[in-house]
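Have a look at the structure first, then read on.

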Amino acid sequence: MKAERLKSRKAIERLFSGKSPSFAQYPVRLIFRESEERGELPVRVTVSVPKRKFPKATDRNRIRRQVREAWRLNKHRLYQKLPSDTAGYDFVLLYVAREPLPFAHIEQSVQIMIRRFLKKQRPANPSA
């Protein structure tokens, strides 16, 4: 969905500034931050595959498509559990493996990552 894409150069630079919390669930690393702009949806996402590890554009594009599809199939789990009154989030899904992995492996890591993100967010919400 177009409204869900994170395209702002400033927002992406803030995510990579080093102050954003992150955690890895091999082969994907999640870097997130509360969004400064409130969009239609609670989460804006971008996917990054490093050129250094995958010099061929076809490899990068295939991995990017796989990660995006894993996100698309599982984002409803996140949207159902996030309170509607919370600020939005900006996510970067960064592929960290050195080799292309099967889609099932990528999807499983995205599912676990969503669960871990929700666990990290829960303690802050009840006290608000």
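In a right-handed or a left-handed crossing, how does H2 pass H3? The crossing of H2 with H3 is right-handed. Keep in mind that this is a predicted model.

## How the two helices pack

Two packed helices are described by the angle between their axes and the distance between those axes. Here the pair is helix H2, residues 57-81, and helix H3, residues 103-121. Their axes come within 9 Å and cross at roughly 30 degrees. Angles under 35 degrees count as roughly parallel, so H2 is roughly parallel to H3.

Who's actually touching whom? On the H2 side you'll find Gln66, Val67, Glu69, Ala70, Trp71, Leu73, Asn74, Lys75, Arg77, Leu78 and Lys81. They meet Phe103, Ile106, Glu107, Val110, Gln111, Ile114, Phe117 and Leu118 on H3. Sorted by class, the contact of H2 with H3 has 11 nonpolar, three polar and five charged residues.

## Arg77, a closer look

Arg77 is found in helix H2. Is Arg77 buried, exposed or partly exposed? Its relative accessible area is 36%, so Arg77 is partly exposed.

Setting aside residues up to four places away in sequence, Arg77 touches Gln111, Ile114 and Leu118.

## The aromatic rings

The count of aromatic pairs comes to eight. One of them is Phe32 with Phe117, an edge-to-face pair with 4.9 Å from centre to centre and 85 degrees between the planes. This pair links distant parts of the chain, since Phe32 is in strand S2 (residues 28-34) and Phe117 is in helix H3, 85 residues apart. Both Phe32 and Phe117 are buried.

Which residues do the ring pairs link into a cluster? The members are Phe23, Phe32, Trp71, Tyr89, Phe91 and Phe117. Trp71 and Phe117 also turn up in the list of residues where H2 meets H3.

## A cis peptide bond

The peptide bond from Tyr26 to Pro27 is cis, with omega near 10 degrees. Pro27 lies in the loop between strand S1 (22-25) and S2.

## Lys7, before H1

Lys7 lies in the segment before helix H1 (9-15). With a relative accessible area of 55%, Lys7 is exposed.

What does Lys7 contact, leaving aside its neighbours within four places in sequence? The partners are Lys2 and Ile12. As for Leu30, Lys7 and Leu30 are 23 residues apart in sequence, and their C-alpha atoms are 16 Å apart in space.

Methods. Residues are numbered from 1 along each chain as its sequence is written. This is a predicted model: local features need pLDDT of at least 70, side-chain atom pairs count only at pLDDT 80 or more; totals for chains, interfaces and linings use all residues. Side-chain values use heavy atoms; hydrogens and water are left out. Axes are lines fitted to C-alpha atoms, for helices over the stretch in contact, and angles run from 0 to 180 degrees between N-to-C directions. Helices (H or I, at least four residues) and strands (E, at least two) are DSSP runs, numbered from the N terminus. Angles under 35 degrees count as roughly parallel, over 145 as roughly antiparallel, 65 to 115 as roughly perpendicular and the rest as oblique. A crossing is left-handed if the near helix is turned anticlockwise from the far one by less than a right angle, and right-handed if clockwise. Contact means heavy atoms within 4.5 Å. Ala, Val, Leu, Ile, Met, Phe, Trp, Tyr, Cys and Pro count as nonpolar, Asp, Glu, Lys and Arg as charged, and the others, Gly among them, as polar. Rings of Phe, Tyr and Trp (its six-membered ring) pair if their centres lie within 6.5 Å; planes under 30 degrees apart count as stacked, over 60 as edge-to-face and the rest as tilted. Buried means under 20% relative accessible area, exposed over 50%, partly exposed in between (1.4 Å probe, protein chains only).
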